[in-house]
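Biologist: I would like to learn how to read a model like this one, feature by feature. Could you take me through it?

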Amino acid sequence: MKQIFSIYRYNPDVDNKPYMKDYELEIPEGSDMMVLDALTLLKEKDPSLSFRRSCREGVCGSDGMNINGKNGLGCITPLSAVPAKKIVLRPLPGLPVIRDLVIDMTQFYNQYEKIRPYLINDGKAPPAREHLQSIEEREKLDGLYECILCACCSSSCPSFWWNPDKFIGPAGLLHAYRFLIDSRDTATEERLDDLQDAYSVFRCHGIMNCVDVCPKGLNPTKAIGHIKSMLLTRAV
Amino acid sequence: MVNNAATVGRSGVHDYVLVRASAIILAFYTLYLVGFFVITPDVTFEIWQTYFSGFGTKVFTILALIALLVHAWIGVWQVLSDYIKPALLRGGLQFFFSVLLLVYLVAGSLTVWGV
């Protein structure tokens, strides 16, 4: 079976502007493969084709891309899941393109850095050996810690497209909530102080594109709702 | 933290509460008006004038105009700060809409109080 791919190409050293290039790949009848496998085969034909990849099993988050209009990880998206005569591959939207499917994630990481993604403990009651959590306390982190920072969610969020320098974005806010409810973290008030402005959290209008595209099945909108509740609870 | 001067609230939390509180007032005012039309089959000028000459309707109408000012000021600011990036244009548009909303409030209050 012949599968056609239309892939976004842009090399700033050579091209004046981006363009879409068609490729054909012969796929044995009755077989399937991941989008990343197809890209790897296409790269054998055209070594100038650029994309990021590493673990090739949905753990590293390197190969986030826009597949037929929806963000996802190439390595865990089978071709059979995107049935189309022509599969269109573009870089994640909203972030500057370095080359082909490779994007500059600086703005995404800057927002992630803002939420201080590490445990802060004032150490006033240090345990003898380690900070233990009860089963219930640990359960609160489920659905949050699994984020692999692939940027599929933030780059599908219109609020992040318009204000990538001010709105933390779904990925960053998912992590922010992960530390806000961690029983070992003592900087809850300071973290909430940093988030109470009109942009950082409150630019989320519940569009839920993030939930729709998350390759790990996480729910950033729910986490953002919890953050808003925490901010409101202490304000009223 | 991101600071901003063009919106109404002192913070995002403040804006969030103001938008929702004003929305509740506007929703109730809409029901109040719809209710009037439902229970009044033939609305004549005299009936309409009597309705608006009531103290409760006057206060509720002015309250709704204030709620509209707050609600739309914050809403317009959010839309403009999303879509209009040049600061001068954005500031100009925000000024225009804010003045327009204030005109609504003043004109509406004077009209209602004059009935």
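Biologist: Let me start with Gly54(B): how exposed is Gly54(B)?

Modeller: In this predicted model, Gly54(B) counts as partly exposed, because its relative accessibility is 25% and that class lies between the 20% limit for buried and the 50% limit for exposed. Gly54(B) sits in the loop between α2 and α3 (55-83) of chain B.

Biologist: How far apart are Gly54(B) and Trp113(B), in sequence and in space?

Modeller: They are 59 residues apart in sequence, and 10.0 Å separate their C-alpha atoms in space.

Biologist: And Ser109(B), where is that residue found?

Modeller: Ser109(B) belongs to helix α4 (residues 87-114) of chain B. Ser109(B) counts as buried, because its relative accessibility is 18% and the buried class is under 20%. Leaving out residues up to four places away in sequence, Ser109(B) touches Ile62(B), Leu65(B) and Tyr104(B). Asp82(B), in turn, is 27 residues from Ser109(B) in sequence and 32 Å away in space, C-alpha to C-alpha.

Biologist: Now helix packing. How are two packed helices described?

Modeller: Two values are used: the angle between the axes and the distance between them. Here, helix α1 (residues 12-39) of chain B packs with helix α2 (residues 45-53) of chain B at an angle of about 145 degrees, and the axes are 12 Å apart. The crossing of α1(B) past α2(B) is right-handed.

Biologist: Which residues of α1(B) and α2(B) meet?

Modeller: From α1(B) come Tyr29(B), Tyr32(B), Leu33(B), Phe36(B) and Phe37(B), and they meet Ile47(B), Trp48(B), Tyr51(B) and Phe52(B) of α2(B). Sorted by class, this contact of α1(B) with α2(B) has nine nonpolar residues, with no polar and no charged ones.

Biologist: Let us move to chain A. How many helices and strands are there in chain A?

Modeller: Chain A has eight helices and seven strands. Its C-alpha trace spans about 65 × 35 × 30 Å along the principal axes. Of its 236 residues, 47% count as buried. Among contacts in chain A with a separation of 6 or more, 64% come from residues 24 or more positions apart. The chain exposes about 11,700 Å², and carbon and sulfur atoms supply 52% of that area.

Biologist: In what order do the five strands of the open sheet in chain A run?

Modeller: The order is β2-β1-β5-β3-β4, with mixed pairing. At the edges are β2 (19-26) and β4 (70-73) of chain A, each of which pairs on one side only. Ignoring direction, neighbouring strands of the sheet are turned against each other by 35 degrees on average.

Biologist: Which strands does helix α1 (residues 35-45) of chain A touch?

Modeller: This helix packs on the sheet and touches β1 (2-9), β2, β3 and β5 (86-90) of chain A. The direction of the helix makes about 100 degrees with that of β2(A).

Biologist: In what sense do strand β3 (residues 64-67) of chain A and β4(A) pair, parallel or antiparallel?

Modeller: They pair in the antiparallel sense, over four bridges.

Biologist: What should I expect of backbone phi angles?

Modeller: Most residues other than glycine have a negative phi. There are exceptions to look at here. In the hairpin of β3(A) and β4(A), with two residues between the strands, Asn68(A) has a positive phi near 50 degrees. Arg56(A), also not a glycine, has a positive phi near 50 degrees and lies in the loop between α1 and β3 of chain A. Asp100(A) has a positive phi of about 45 degrees, in the loop between β6 (97-99) and β7 (102-103) of chain A.

Biologist: Is Asp100(A) buried or exposed?

Modeller: Buried, because its relative accessible area is 1%, where the class needs under 20%.

Conventions
Residues numbered from 1 in each chain as written. Chains lettered and ligands numbered in written order. Predicted model: local features only at pLDDT ≥ 70, side-chain atom pairs only at ≥ 80, totals over all residues. Heavy atoms only, no water. Axes fitted to C-alpha atoms, helices over the stretch in contact; angles between N-to-C directions. Left-handed = near helix turned anticlockwise from the far one by under 90°. Contact = heavy atoms within 4.5 Å. Nonpolar A, V, L, I, M, F, W, Y, C, P; charged D, E, K, R; others polar. Pairing = 2+ DSSP bridges. Buried < 20%, exposed > 50% of the residue type's maximum accessible area, 1.4 Å probe, protein only. Areas by Shrake-Rupley, 256 points an atom, 1.4 Å probe, with all protein chains shown as cover.
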